[in-house]
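Dear colleague,

Please find the structure below, handed over for your own work. My findings follow directly after it.

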Amino acid sequence: MPTRSRRPSSACADTAARCRSSPPTRSASASPRSAPTTSRSRRVALGSRTEVGRELSIAEGEDGDGSGGETRAFDAVVVAAGAHTRSLLAAVGVAVPVVPYRVQALVADDAYDGPMTYDATADAYLRPHPDGLLAGDGTDPVPAAPDDYRREADDWFREDISTVLRERLAGAAAGRDSDREISRAWAGLCTATPDGDPLVGPVGATGETDPALFVAAGWQGHGFMRAPAIGEVVAEGVLSSLDGVAFDAPDSPWIETFDPTRFDGDEAFEITEGMSLSERADGE
Ligand SMILES: Cc1cc2nc3c(=O)[nH]c(=O)nc-3n(C[C@H](O)[C@H](O)[C@H](O)COP(=O)(O)OP(=O)(O)OC[C@H]3O[C@@H](n4cnc5c(N)ncnc54)[C@H](O)[C@@H]3O)c2cc1C
């Protein structure tokens, strides 16, 4: 069996160089509202086109699935459909252990301008927000139905976070518990994998030398921050695979740890909170 080595992507290397060139002054955060604007201008500059608002399905061959919709053929298809990834790929007989689960967050009016903070004991994070602070992560460690899950935050999550805020922001939030205003509290879906790492690379029965189907999913709650670098890995990886470069070739851009074929796809596993350190072995 060939030995695969873990290589940093060129995107990661570039990012590291940029980080070193400007000394950090304070922690920063980005929001899902601002990110699409930034990435859109990059995509337009690269000549790519984006279509939104259409539900897609995938089918093998060139005749479509017979459902009567418009059918288009592509050299390569990347399934990065978040919580719907598993069901989309199942339609073409590809099994991936990417399981959706609920994660919660809230915005409270506590004044907080400190750094992004993760409380590893309470498994909770908080960061500044224009309306006060944003806190999470309220993991509900059971599989959720992608089209039918509870969008509202649970009472236990609100209570747990209030306790964390009371204990960790003792100075700023002293006496605030009774009149703390939570302006928003919600739940969204993240996706878990058996080992907590994503699946990024070619899948399917076409074989490593002629892949046309790819997956990028299973971020265990960390997909937003990894998206810019992973986007470049996927773009470079798809092109190299179409050029016939094997996944594990020395010049392949794919990341060995994220190899989608490391699982059978039908594994049963426990969903763990993505930021938790308790599942990590010493030294990881
Ligand atoms: C409350 C909360 C807080 C979070 N905080 C952070 C954080 O601080 N940092 C971080 O890195 N990550 C965070 N995450 C996780 C992050 O949001 C996800 O990891 C990330 O959004 C995953 O990106 P994705 O593109 O794989 O999936 P998604 O963002 O779910 O995007 C998948 C897209 O595919 C579309 N789609 C699905 N099926 C179809 C279909 N059949 N046809 C067409 N389109 C389809 C969906 O509509 C969706 O737009 C948080 C998540 C939640 C819920």
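In this predicted model, the buried residues of helix α4 are F157, I161 and L165. They sit on the same side of α4, because the arc they cover around the axis is only 65°. In general, an α-helix has 3.6 residues a turn, so residues three or four places apart point the same way. The face of α4 turned away from the buried side carries exposed residues, namely D155, W156, E159 and E167. The helix itself comprises residues 155–168, which makes 14 residues. From its first C-alpha to its last, α4 reaches 20 Å, close to the 20 Å expected at 1.5 Å a residue.

As to the chain as a whole, it contains six helices and eight strands. Along the sequence, their pattern reads α-α-β-α-β-β-β-β-α-α-β-β-β-α. Of the 284 residues in the chain, 26% are buried. Among contacts with a separation of 6 or more, 74% are between residues 24 or more positions apart.

I next turn to strand β8, residues 213–217. Is this strand largely enclosed or open? Five of its five residues are buried, so β8 is largely enclosed by the rest of the structure. Both of its faces are covered: L213, V215 and A217 are buried on one side, and F214 and A216 are buried on the other.

Strand β8 has pairing partners in β1 and β7. With β1 (residues 77–79), β8 pairs in the parallel sense over three bridges. With β7 (residues 199–203), the pairing of β8 is antiparallel and runs over five bridges. V215 of β8 is the bridge partner of G201.

Together these strands form an open sheet of three strands in the order β1-β8-β7, with mixed pairing. β1 and β7 stand at the edges and have a single partner strand each, so one side of each is left without a neighbour in the sheet. On average, neighbouring strands of this sheet are turned by 20° against each other, direction ignored. Helix α6 (residues 223–242) lies across β1, β7 and β8, and runs at about 15° to β7.

The largest nonpolar core has 45 residues, and those with the most contacts inside it are A135, V200 and V215. Two or more residues come from each of the elements β2 (99–108), β4 (124–129), β5 (132–143), α4, β6 (182–192), β7, β8 and α6. The most is given by β2, with six residues.

Finally, a note on A73, which is found in the loop between α2 (35–46) and β1. Why does A73 count as exposed? The reason is its number of C-beta neighbours inside 10 Å: A73 has 10, and the cut-off for an exposed residue is 12 or fewer. A73 and G61 are 12 residues apart in sequence, and their C-alpha atoms are 8.5 Å apart in space.

With kind regards

Key. Residues numbered from 1 in each chain as written. Predicted model: local features only at pLDDT ≥ 70, side-chain atom pairs only at ≥ 80, totals over all residues. Helix = DSSP H or I, 4+ residues; strand = E, 2+ residues; numbered from the N terminus. Expected span 1.5 Å × (residues − 1). Buried ≥ 20, exposed ≤ 12 C-beta atoms within 10 Å, placed from the backbone. Arc of directions from axis to C-beta. Pairing = 2+ DSSP bridges. Axes fitted to C-alpha atoms, helices over the stretch in contact; angles between N-to-C directions. Contact = placed C-beta atoms within 7 Å. Core = buried A, V, L, I, M, F, W, Y, C linked by C-beta atoms within 7 Å.
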